[in-house]
Amino acid sequence: MNLQQLEYIVSLAEHQHFGRAAEACGVTQPTLSAMIQKLEDELGVKIFDRSHQPIAPTEIGYHIIFQAKETIRTADQIKAVIEEAKDSLKGTIKIGILPTIAPYLVPKLLPQIKKYLPDLIVNVSELQTSKCEEMLAEGELDMCILATDPVNGEFSEETLYYEEFVGYVSTNEELFKQETIRSSEVKAESLWLLAEGHCFRDQLVKFCQLRTNSKRKFNYREGSLQGFMKLVESGNGITFLPELCSRELKDERKKLLRPFSIPRPTRVVRLVHHKNYVRLGLLKALTTALKKAVPESMLTTHAGQSIV
C-alpha cells in the first residue's frame, strides 16, 4: 500500500469514472485501474462495486476511502511542515472562492501571484459558502475566501477587504431617477436575487428586510449576477452587485449604478484556513498578494458603511 494508491481510490470515489479519475491523477486509465486492483488484492476486499454505474464504493470501501483521505491529509501536513521550515513559497495550494467574489477578484489576483509567488501553483474552485467550509474541514481545500464568519471553531480568518453592495437599476424603474437607494424602497417584486445558499443574497435580504415570496409573474431561478445584469440592461427590474464588479464596468453600464444611502451595506471578505495550518509564511505572502489585488480604499472601513 502506498500514498499513490490511496490518491487513486479517493479520485475514483470523487469522479465515479475510471477515465475521469485517471485524468485527474495525470495517469492512464489502465495504470489507475491496475493500481486500485492491486490495492484491493492486498487488502483482500473490494473497495468499489464495478457493476454499479456510476461506479460507487462498497460498504467497506466507504470506510477505506475515509481513512485514505485522513492519511493523505496527514502526509500533506508533513510536506507542509518541511516547506515551512525551508521558508519556501513553492508548492500547491487549493483555494475555494465564492461565486460572487471569484469572477472579479481572480483576474486581479493573477498578476500579483505571478509577481510575488511565481513558484506557487494555485488551484481555485468556485464554490458556495457551505461547500467551501465542508471541503476545508475535510482537507480538500487549504483555504477559502468567504464573506461570512466561519461556523467551524477550528477555522481562523484574516480580513482581506470590505466590499459594499451597489444597486444596478433599469431605466424603467422609479429608483433609476434617484441618486441613491434606501433599503425601504427596494421591492422584492422588482428585484433579481441569487438562489438561496448564496450569502450575498442572504445578507441583502436581511439588510433590506425583504419578503422574497412575492407573487411575480416572471421568475428566474438559479440565475447568475451576469444574467441579472443583462435583464436590468434590457429594462427589467433591479439587482445588486459587489463593489469589485461595479468598479470594472464600462462608463455606459455605470450609468445604471445606484449606491445605497447611509447606511451602506458592506460585507467583510476574509481568508479562512485551519487553525493548525502550518505554512504561515505562505499564508502571509498570499494575504499580501490578495490585498494588493484590490483598491486600497477597500482595505479599511469608511463612515456610512454598515457591516452585514
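View 1. Domain 1 (3–83) and domain 2 (87–160 + 269–298) both contribute lining residues, so the largest pocket lies between them. Domain bounds come from an automatic or database domain assignment. The model is predicted: local features need pLDDT of at least 70, side-chain atom pairs count only at pLDDT 80 or more, and totals for chains, interfaces and linings use all residues. Numbering starts from 1 along each chain as its sequence is written, and side-chain values use heavy atoms, with hydrogens and water left out.

**View 2. Space and lining of the largest pocket.** The largest pocket holds about 1400 Å³ of space. Its lining has 38 residues, and the closest to the centre are Ile72, Asp76, Lys94, Gly139 and Glu140. A pocket is an open set of points on a 1 Å grid over the protein atoms alone, where a 1.4 Å probe fits, with protein on both sides within 12 Å along at least five of seven lines; lining residues have an atom within 4 Å of a point. Grid points are joined across faces, edges and corners, and the volume is the space filled by probe spheres set on the points.

View 3. At least two lining residues come from each of α1 (3–15), α2 (18–25), α4 (59–85), β3 (91–97), β4 (120–126) and α6 (129–137). Helices (H or I, at least four residues) and strands (E, at least two) are DSSP runs, numbered from the N terminus. The lining of the largest pocket splits into 13 nonpolar, eleven polar and 14 charged residues. Nonpolar covers Ala, Val, Leu, Ile, Met, Phe, Trp, Tyr, Cys and Pro; charged covers Asp, Glu, Lys and Arg; the others, Gly among them, are polar.

**View 4. The Arg270–Asp149 salt bridge.** The closest N and O atoms of Arg270 and Asp149 are 2.7 Å apart. Arg270 sits in strand β9 (residues 264–274) and Asp149 in the loop between β5 (143–146) and β6 (155–169), so the pair ties together parts 121 residues apart in sequence. A salt bridge puts a side-chain nitrogen of Lys or Arg within 4 Å of a carboxyl oxygen of Asp or Glu. By this rule there are 14 salt bridges. Arg270 is buried at 7% relative accessibility, whereas Asp149 is exposed at 51%. Buried means under 20% relative accessible area, exposed over 50%, partly exposed in between (1.4 Å probe, protein chains only).

View 5. Glu185 meets Arg182 at 2.7 Å, N to O. Glu185 is buried at 18% relative accessibility; Arg182 is partly exposed at 48%. Lys177 pairs with Glu174, with closest N and O atoms 3.3 Å apart. Both Lys177 and Glu174 are exposed.
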